[in-house]
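Work through the exercises below with the model open in your viewer. Try each task before reading its solution.

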Amino acid sequence: MYQVKKMLPLSLIIALYVPLVQAAGDHGSEAEAQDMVKKAVALVKSAGAEKAYKVFTDHPDGAFKEKDLYVFVYDFEGNCLAQGANAKMVGKNLMSMKDVDGNAFIKGMIDLVKTSTKGWYGPYKFNNPATQSYELKRSYCERGAGDSMVCVGTYFEKK
């Protein structure tokens with residue numbers, strides 16, 4: 001006699017499995033972060049800083065938000081000019097903001113851009129809006145309009 005086993009419907013299995021696969025691929029790569037910064041800097045130059053900052057901040061699901069990558073812009077005084085993940089940060093001076101390990105990462109990024117005009121900063125720990133937890137992050141930054149920097153960070157797991 002055959003034993004009847006209850007099985008989950010295929011649609012339920014797919015519904016449970018697909019988010020796990022997507023979650024594994026939701027981290028943007030370093031190459032994608034650099035590419036997004038280059039496109040963001042180009043928009044600042046072509047459309048002007050004010051219009052570009054509005055696009056970065058007010059259109060979080062647009063061309064400057066992909067996977068867990070988003071653009072953020074600070075002036076060299078530490079004032080947030082644009083922020084693709086949290087518009088509430090715009091207008092605030094965050095020069096002294098530190099990660100959970102005491103790392104003044106905004107100041108560190110600014111110092112890097114002042115010295116080298118572009119490059120990678122990190123790692124530091126920052127809250128990932130997608131997971132709502134602190135994760136290791138590195139950010140690629142380039143000099144923007146005037147005394148500002150345009151950055152995109154990548155979250156990653158320690159190996």
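The model is predicted: local features need pLDDT of at least 70, side-chain atom pairs count only at pLDDT 80 or more, and totals for chains, interfaces and linings use all residues. Residues are numbered from 1 along each chain as its sequence is written, and side-chain values use heavy atoms, with hydrogens and water left out.

**Exercise 1. Find the residues of the largest nonpolar core that touch the most other members, and the elements that supply this core.**

Step 1. A nonpolar core is a set of buried Ala, Val, Leu, Ile, Met, Phe, Trp, Tyr and Cys residues joined through side-chain atoms within 4.5 Å. Buried means under 20% relative accessible area, exposed over 50%, and partly exposed in between (1.4 Å probe, protein chains only).

Step 2. Pick out the residues. The largest core has 19 residues; F72, Y74, F105, M109, Y124, F126 and M149 touch the most other members.

Step 3. Assign elements. Helices (H or I, at least four residues) and strands (E, at least two) are DSSP runs, numbered from the N terminus. Two or more core residues come from each of β2 (69–75), α4 (105–116), β4 (118–128) and β6 (148–156). The top contributor is α4, with five residues.

Step 4. Look beyond this core. Another core of 17 residues lies apart from it, with A52, F64, V73 and A82 among its members.

**Exercise 2. Locate the largest cavity and describe its lining.**

Step 1. Define the search. On a 1 Å grid over the protein atoms alone, a cavity is a set of points where a 1.4 Å probe fits but cannot get out; lining residues have an atom within 4 Å of a point. Grid points are joined across faces, edges and corners, and a volume is the space filled by probe spheres set on the points.

Step 2. Run it. The volume of the largest cavity is about 60 Å³.

Step 3. List the lining. Y70, F72, Y74, Q83, M89, M97, F105, I106, M109, Y124, F126 and K137 line the largest cavity. β2, α4 and β4 each give two or more of these residues.

Step 4. Examine one lining residue. M89 sits in the loop between β3 (80–83) and α4. M89 counts as buried because its relative accessibility is 12%. Leaving aside neighbours within four places in sequence, its contacts (heavy atoms within 4.5 Å) are Y74, C80, Q83, L94, M97 and F126.

**Exercise 3. Check the span of α4 and say what its buried residues pack against.**

Step 1. Compare spans. The expected span is 1.5 Å times one less than the number of residues. With 12 residues, α4 reaches 16 Å from its first C-alpha to its last, close to the 16 Å expected.

Step 2. Find the buried positions. In α4 these are F105, I106, G108, M109, I110 and V113.

Step 3. Name the partners. The buried residues of α4 pack against β2, β4, β5 (133–143) and β6.

Notes. 1 Å grid on protein atoms, 1.4 Å probe; cavity = no way out; pocket = protein on both sides within 12 Å on 5 of 7 lines; lining within 4 Å.
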